[in-house]
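Biologist: I would like to go through this structure slowly and ask, for each term that is used, what it rests on. Could we begin once it is in view?

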Amino acid sequence: MRVSSLTRVPASHLLLPVGYAATIGGTISMVGAGTLIILNDLLRQRGYVPFELFAVAPVGLPLLLIGIAFFYFFGDRVLPRREGTRLTPQEELIRNWRLPYQISYLRVPAKSPLVGKTREDVHMISGYALHLISIAEGGEIVYTPWRYTRFAAGQELSILGEDRDIERFKDDFDLEWVRAGESTANVMADPNVGFAEVIVRPYAPVIGKTLRYLEFRVTYGAEVLILLSGEEERRKDLADIPLRAGDAMVVLGRWERLRAFGTSRNFVLVTPVEGRMGVRERGAAAAVLCFAAAVALTYTGLSIPVSLLSGVIAMILLRVIPVGEVYRAIDWRTLVLIAGLLPLGIAMDTTGTAQFVADRLVGLVAGYPTLLILVAVAVLATTFSLVMSNIAATVLLVPLVLVMAGSLGLDPRGLALLTGICTSNSFLLPTHPVNALLMGPGGYRNRDYLVAGGALTVIFIIVAVGIISLLYF
């Protein structure tokens with residue numbers, strides 16, 4: 001949705017490919033999808049050797065690449081180009097206050113007259129109606145710099161304002177353009193930066209004080225763009241205006257700083273908080289090492305669940321994540337669902353139900369070429385996944401195909417793997433959790449899934465059957 005807002009590409013043109021790619025991407029490893037996790041458990045229960053972590057990658061990677069290529073070449077034809085009618089809070093703020101939302105990036109050359117001066121020396125706001133959002137120097141970025149910060153050669157300036165004013169400022173001080181994608185600080189592409197509307201509380205201690213006196217940029221880490229006091233709206237010379245109860249301000253800054261307005265005794269934060277929360281970047285290296293070690297353990301003979309659980313324990317011991325967050329991250333509904341379905345699969349096997357149904361299916365496909373049998377199993381798995389949960393379809397079908405494989409003389413592990421993969425082939429209807437999640441934000445209808453997902457469903461079956469037949473039959 002953030003990319004849609006920045007690029008003006010309709011969300012309906014972006015979300016469905018992302019959702020489908022996430023579903024297909026789950027077929028790259030045996031822990032990428034619940035269907036493949038449960039597949040290994042079902043195989044182990046019946047005495048078969050479970051698959052290694054990336055045993056499914058030769059099938060999943062081509063599926064993902066072909067899926068991406070499909071939308072790259074045919075996306076314009078199969079995806080609805082439906083403009084969203086609901087504005088995001090940021091878009092609504094920009095429209096209501098007529099904010100300039102385009103950030104320009106300028107570099108300060110060594111011979112520029114700007115070197116050694118401050119923003120107040122050159123009257124950036126009063127003379128040019130420009131706001132200095134950040135200064136990047138030596139790989140470090142300072143947002144909403146202090147008014148006494150001096151410009152230096154080599155700095156990259158992120159400036160908010162109208163194009164004509166920025167062009168005039170650039171020419172007056174011999175500055176150089178920097179493309180947004182090449183700038184150290186690409187502010188408007190940063191999901192942690194945004195606009196906010198703030199109101200001065202009644203009886204707040206800041207009443208009667210000016211932004212200059214409060215050293216607002218340093219204290220709150222935000223740039224005031226507009227000050228509405230009574231019926232007077234001001235966009236210039238804001239620093240020396242005394243604040244009054246009920247004054248509204250539009251500010252720009254990092255969400256981590258803007259969030260503080262919501263708990264301040266001086267201000268009320270009107271804008272919904274966006275951006276990331278609770279990101280602990282210091283633990284990133286340890287988390288990557290724990291994950292890599294857990295994957296490596298799968299090749300030492302340990303089972304996949306034990307190996308990955310060891311990685312989780314290591315993250316807890318190294319304090320990458322608190323143990324409380326681990327409990328909250330577990331989807332207990334899925335856990336209960338799997339725990340309930342496993343006995344169902346065992347019951348089908350021990351009562352002879354699987355054998356009975358498998359015998360009927362074998363009678364229908366016996367005598368046909370192996371390739372057609374694989375297609376029939378793939379279509380059956382796909383159909384089941386559309387009318388029930390993917391995991392339930394896997395639990396029901398895997399015992400059947402294992403019995404069928406024995407009767408038809410086919411590789412049971414290969415047929416079971418094809419089943420586990422094709423129960424993720426859920427693109428035709430919004431019954432899959434991912435598809436359902438995208439329906440509202442993308443404004444999709446059932447027809448949109450049928451058009452885009454129909455072709456992808458056929459491609460998925462052809463590719464999966466083709467590769468499985470080469471690897472196992």
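Biologist: Which residue in strand 5 does arginine 107 stand opposite?

Modeller: Arginine 107 stands opposite glutamate 176 in strand 5. Please keep in mind throughout that this is a predicted model.

Biologist: What makes strand 1 and strand 5 a pair?

Modeller: Two strands pair if there are at least two bridges between them, and strand 1 and strand 5 (residues 176-177) have 2 bridges in the antiparallel sense, so they meet the condition. Strand 1 also pairs with strand 4 (residues 156-160), again in the antiparallel sense, over 5 bridges, and there isoleucine 103 has leucine 160 as its bridge partner.

Biologist: Why is strand 1 called mostly covered?

Modeller: Of the 5 residues of strand 1 (residues 103-107), 4 are buried, and buried means a relative accessible area under 20%.

Biologist: How do you know that lysine 170 is buried or exposed?

Modeller: Lysine 170 has a relative accessibility of 15%, and because the cut-off for buried is under 20%, lysine 170 counts as buried. This residue lies in helix 7 (residues 163-172) and, leaving aside residues up to four places away in sequence, touches Leu106, Leu175 and Trp177.

Biologist: What makes aspartate 448 buried?

Modeller: The relative accessible area of aspartate 448 is 4%, which is to be set against the limit of under 20%, so aspartate 448 is buried.

Biologist: Let us turn to the aromatic rings. How many aromatic pairs are there, and why is the pair of phenylalanine 70 and phenylalanine 71 called edge-to-face?

Modeller: The count comes to 18 aromatic pairs. In the pair of phenylalanine 70 and phenylalanine 71 the rings are 5.1 Å apart, centre to centre, with 70° between the planes; because rings pair if their centres lie within 6.5 Å, and planes over 60 degrees apart count as edge-to-face, the pair is edge-to-face. Phenylalanine 70, at 8% relative accessibility, counts as buried, and phenylalanine 71, at 13%, counts as buried too.

Biologist: What makes tyrosine 128 and phenylalanine 169 an edge-to-face pair?

Modeller: Their ring centres are 5.1 Å apart and their planes stand at 80°, so this pair is edge-to-face. Tyrosine 128 belongs to helix 6 (residues 124-128) and phenylalanine 169 to helix 7, so the pair ties together parts that are 41 residues apart in sequence. Both tyrosine 128 and phenylalanine 169 are buried.

Biologist: How do you know that the charged end of arginine 413 sits over the ring of phenylalanine 51?

Modeller: The charged end of arginine 413 is 4.2 Å from the centre of the ring of phenylalanine 51, and the rule asks for a distance within 6 Å, together with a position within 35 degrees of the ring normal. The charged end is accordingly described as sitting over that ring.

Biologist: Finally, which elements have the lowest and the highest mean pLDDT?

Modeller: Helix 14 (residues 332-350) has the lowest, at 70, and helix 18 (residues 412-422) the highest, at 94. For the protein chain the mean pLDDT is 85, and 91% of the residues reach 70 or more. Where pLDDT is low, the predicted coordinates should not be read in detail.

Definitions and conventions: Residues are numbered from 1 along each chain as its sequence is written. This is a predicted model: local features need pLDDT of at least 70, side-chain atom pairs count only at pLDDT 80 or more; totals for chains, interfaces and linings use all residues. Side-chain values use heavy atoms; hydrogens and water are left out. Buried means under 20% relative accessible area, exposed over 50%, partly exposed in between (1.4 Å probe, protein chains only). pLDDT is the predictor's confidence in each residue, from 0 to 100. Contact means heavy atoms within 4.5 Å. Rings of Phe, Tyr and Trp (its six-membered ring) pair if their centres lie within 6.5 Å; planes under 30 degrees apart count as stacked, over 60 as edge-to-face and the rest as tilted.
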